[in-house]
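Welcome, and please open the model in your viewer. We will go from one selection to the next and look at what each one shows.

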Amino acid sequence: MKKGIKYLVSIIIAVMIFILATNIFAIEKSSYTDATQTRQGKTYEWKNWCEEWEKIKNSPTQMSLSPGEDETQLNFAWYSKSCDIKPNLKISDNPKMEDAKALQVITTKASDEYKTNKATATNLKPNTRYYYSYTINGKWTEPALYKTKNTKRYTFGFVGDPQIGASYRNMNRETELENQDKAVRNDSFNWNNTIKNMIRRNCDLSFIISAGDQIQSGYKKNESYDHNEIEYAGYLSPCVLKSIPIATTIGNHDENSENYSYHFNLPNKSKLGSTVAGGDYHYRYGNTLFIMLNTNNKNIDEHKKFIECVTKLNKDARWKVVTMHHDIYGSGEHSSTPSVVKLRYKLIPILEKNNIDVVLSGHDHIYSRSYILKGGKLDKNDMLSDKEYEKYDKGNKNSSKKYKKYLQSIEDEEAIESKELMCATNPKGILYITANSSTGSKYYDLAPNQQAYIAYRWQENVPTYSMIDVTDRAFTINTYRVDNNKKIDTTFTIIK
């Protein structure tokens, strides 16, 4: 009898261990989105994409659109082979390209195999259909449509960390190149689905903002890295992006590769805040000033000079929006690291003094929305060094009083201006939004404890995107999950 009980107990323990191991494995696997397990991936769309991927993966020559200096301009960038004759681009207001205007194309070397071409269309009229065509291998492409919008009331999309290729750790192939290939194919399929969902929700998007880390392979300290053209081929693969510009931000996976600067023709580029990929830039769209910061460069004086300069030039802007990669008021593990916290307290006075309304960021691959915040202050007594933080973070966090005090000191509860759930009227402070992964190439967990400054946060390992509506009176944000297109947060509006 005793032997039978022991045997039964052994079986139960073995089953429990198996279940535990299975759950751990499942959790590890759910840290990315397997394209084949999505609703779209279980249809013919996946097979069609795999066939299409074989055609485009080794040729990163897709067109890349970026906003111009204002709504009357549009920037173009595309690759052509080094042996190609001088590339050209023309634009017209009719699909037959009658009376098309040839744009000046500036061509420079990108690599031994490719050169990068850039052009700008100017004097574009509102609510007008335009068509453009450009040359690849000496042949004109079919005309692509670009429609200008009404800037008095418009919508733009906001996404975080596409990071095409980041799912490579989950690919079980023989070589690194095979892993990269399969990962990029997986993540690009999901990226296409996210973009399609955004367009289905609003086909009149004016543009999209990406909070950085467009691709995976570019993160090597003190070393310029460029083995990522296959990832850019995936990032630029959505056909819709031939008609909608994306304002990209330089993330930590972008900063050390010149390929970023070759693929994107950014407006009003500055040398301030520069890394290998480029520096700060800005553009105006209707009543809104958009300021894009490269926070991989930690020279705060340069960012300060840039912000002060562009806000002075745009005193009449109704709204001022800053985008940076690092989430200085996020709710993931990255946002609590001393390096990001120090960045927070150095930037806060500059952002507040220049009357910034909203800060959009990524980096943590989770979604969070702050309360309206103003006047956050650094507590030097409880600040940790990077080495101390890493030591506590990897050790027993709960046993360290110093670690706990540090986390409490950076919650900035006293900086909360308002705890209104759905709107803020004439706020003096700033709203901070952190975007989740837009592709599911990699997810991070929420911080164990929700910070006092966080109004709402979300992570269910599903790609998300935000739609932001702008008028003279209101700035409204809605955020959706890609799998079922349901809202993950309440609608939040800033009213002036």
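Start by selecting helices α6 and α7, whose crossing is right-handed. In this predicted model, α6 covers residues 300–313 and α7 covers residues 338–353. Their axes come within 10 Å and cross at roughly 20°. Angles under 35 degrees count as roughly parallel, and therefore α6 and α7 are roughly parallel to each other.

Now show the side chains where these helices touch. On the α6 side, pick Ile-300, Lys-304 and Ile-307. On the α7 side, pick Leu-343, Lys-346, Leu-347, Ile-350 and Leu-351. How many nonpolar, polar and charged residues does the contact of α6 with α7 have? There are six nonpolar and two charged residues, with no polar ones.

Next, zoom out to the whole chain. Colour by secondary structure and you will have nine helices and 25 strands on screen. The radius of gyration is 24 Å, close to the 23 Å that the globule rule gives for 496 residues, so the chain is as compact as a globular protein of that length. Taken along the principal axes, the box filled by the C-alpha atoms is roughly 95 × 55 × 40 Å.

From here, select the seven strands of an open sheet, in the order β12-β11-β10-β23-β24-β25-β20. The pairing in this sheet is mixed. Which strands are at the edges? They are β12 (246–248) and β20 (423–425), and each pairs on one side only. Turn the view and follow the strands across: neighbours are turned by 20° against each other on average, direction ignored.

Stay with this sheet and pick out β23 (residues 464–470) and β24 (residues 474–481). This pair is antiparallel, with seven bridges. Click on Tyr-465 and then look in β24 for its bridge partner, Tyr-480.

For the last stop, move to strands β5 (residues 106–109) and β6 (residues 114–121). They form a hairpin, and four residues sit between the two strands. Their pairing is antiparallel over four bridges. Select Thr-107, and opposite it in β6 you will find Asn-117. As you look at such pairs, keep in mind that strands of a sheet pair through backbone hydrogen bonds, either parallel or antiparallel.

Key: Residues numbered from 1 in each chain as written. Predicted model: local features only at pLDDT ≥ 70, side-chain atom pairs only at ≥ 80, totals over all residues. Heavy atoms only, no water. Pairing = 2+ DSSP bridges. Axes fitted to C-alpha atoms, helices over the stretch in contact; angles between N-to-C directions. Parallel < 35°, antiparallel > 145°, perpendicular 65-115°, else oblique. Left-handed = near helix turned anticlockwise from the far one by under 90°. Contact = heavy atoms within 4.5 Å. Nonpolar A, V, L, I, M, F, W, Y, C, P; charged D, E, K, R; others polar. Rg over C-alpha atoms; globule rule 2.2 N^0.38 Å.
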